[in-house]
Amino acid sequence: MNSVVWTLVFALALAASLGLRAWLASRQVRHVAQHRDAVPAPFRDTVDLVAHHRAADYTLARIRLGQWQMAFGAITLLGWTLFGGLDLLNATLLDAVLPRWGGIAYGVALFAAVLAIEGLLHLPLDLYATFGIEARFGFNRMTWRLWIADAFKGVLLAVVIGGPLVALVLWIMAASGPLWWLWAWVAWAAFNLIALVLVPTLIAPLFNRFEPLRDASLEARVRALMARAGFAAKGLFVMDGSRRSAHGNAYFTGFGAARRVVFFDTLLARLAPEEVEAVLAHELGHFKLGHIVRRIGVMLFAALLLFAAFGYLAGQSWFYTGLGVRPGLVGPNDAVALLLLVLVAPVFGSFISPLFAGLSRRHEFEADAWAARHADGRALASALLKLHEDNASTLTPDPVYARFYYSHPPAVERLAALSPRPVP
Ligand SMILES: [Zn+2]
């Protein structure tokens, strides 16, 4: 391929991705606004109009913000690539860092500089999301103090963990011959598997407090459920999610000895004991049905394809020039290649992300069905409805939008699947 063709391919993919996402967002806006004034029939008795309005308004506000973020992201992407931002930064660091500190230090510095600039550029919109929209709808519990502490910890983790990881990948790229992309993938995969153990046990506790579930009657219920499901009775935690937000949630994470189910305190405060049990059963369903292992497998396989493509692209000069960067003739180009991949891959990835969302929705249905077999399906249904209401999630998403983006099926579909079949 020559570089002009590659520029065109990239520009067309970006335009198509923006067009597609803008079209989906406009569908969602129209659909939610059209259904704002009436609670859908299946929920007439359980959801009041005030909550329904709030969910519609919150959904619309988030989508509008998403539009701004999308437009701004496209502008910064073009700024880095075709308008020469990365090229300029690269030339500067090649002069300043490479001669004195060597290729890997230069590569890590380039990564750090790009990530820092990206973070600062997106800061205003991020702050508006938390202190504007989330606050307006009564969700934000974050103080400025906590926000600054979080940001500080985030930067520290990026330096302590991200820095060595980038250095390792760059070293592999430089040192391991024609199959470097395969070894880089192995390192990346190993890092992700280690992270699955370290994130829940060491990193998440830097940001939140995790305590074992301590309500005696609830614990008895939970133990009984775990015994019925043949699940080792450990790793059940309550997290102080209320420190940052009023949104409620529950999730599973980790694997092996580090696997655990985490309940947000905000969720526990709202659910009756049988509903907590049902939500836990749903999360155990994910474990028991092998969703976690399969999800990891899919992620690693997708990454392998990406690294293989990268192995080819990094050796083509049109890959660089077509994206606005002059490859160095003397210095290493590995860091630039890796950065271009990180910047550009999401543009092409946006066309296949619905596949992953679809897989995730199928897993949700399966976990719901599993929960209904091992706990009370009706309690799960009422818990899901409370979750929707508390998070102001819309009950009337556009079907096409939901198919494209939603990792969880729309409430109408989930509740319909959970409700007992009418007896003929
Ligand atoms: Zn789930």
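Tutor: Let us begin with a term: a residue is buried if its relative accessible area is under 20%, and exposed if that area is over 50%. Please keep in mind that this is a predicted model.

Student: Which residues are the protein donors of the zinc ion?

Tutor: The donor atoms lie 2.1 to 2.7 Å from the zinc ion. Along the chain, the donors follow the spacing H-x3-H-x77-E. His 282 belongs to helix H10 (residues 273-288) and Glu 364 to helix H14 (residues 353-374), so that this pair, 82 residues apart, links distant parts of the chain.

Student: What is the geometry of the site of the zinc ion?

Tutor: Four donors count as tetrahedral if all angles lie between 85 and 135 degrees. Here the angles among the four donor atoms are 53 to 136°. The site is therefore classed as irregular.

Student: What is the relative accessible area of Val 159?

Tutor: Val 159 is placed in helix H6 (residues 144-175). Together with Phe 152, Val 155, Leu 156, Val 160 and Ile 161, Val 159 makes a nonpolar surface patch of about 580 Å². Val 159 counts as exposed because its relative accessible area is 56%.

Definitions and conventions:
Residues are numbered from 1 along each chain as its sequence is written. This is a predicted model: local features need pLDDT of at least 70, side-chain atom pairs count only at pLDDT 80 or more; totals for chains, interfaces and linings use all residues. Side-chain values use heavy atoms; hydrogens and water are left out. Donors are N, O and S atoms within 2.8 Å of the metal (3.2 Å for Na, K and Ca); water is not among the atoms, so sites may look incomplete. Four donors count as tetrahedral if all angles lie between 85 and 135 degrees; four count as square planar and six as octahedral if opposite donors are over 155 degrees apart and all others between 65 and 115; anything else is irregular. Helices (H or I, at least four residues) and strands (E, at least two) are DSSP runs, numbered from the N terminus. Patches are made of residues with over 30% relative accessible area and no salt bridge: like charges are joined within 9 Å, nonpolar side chains (Val, Leu, Ile, Met, Phe, Trp, Tyr) within 5 Å. Accessible areas come from the Shrake-Rupley method with a 1.4 Å probe; for residues, only the protein chains shown count as cover. A salt bridge is a side-chain nitrogen of Lys or Arg within 4 Å of a carboxyl oxygen of Asp or Glu. Buried means under 20% relative accessible area, exposed over 50%, partly exposed in between (1.4 Å probe, protein chains only).
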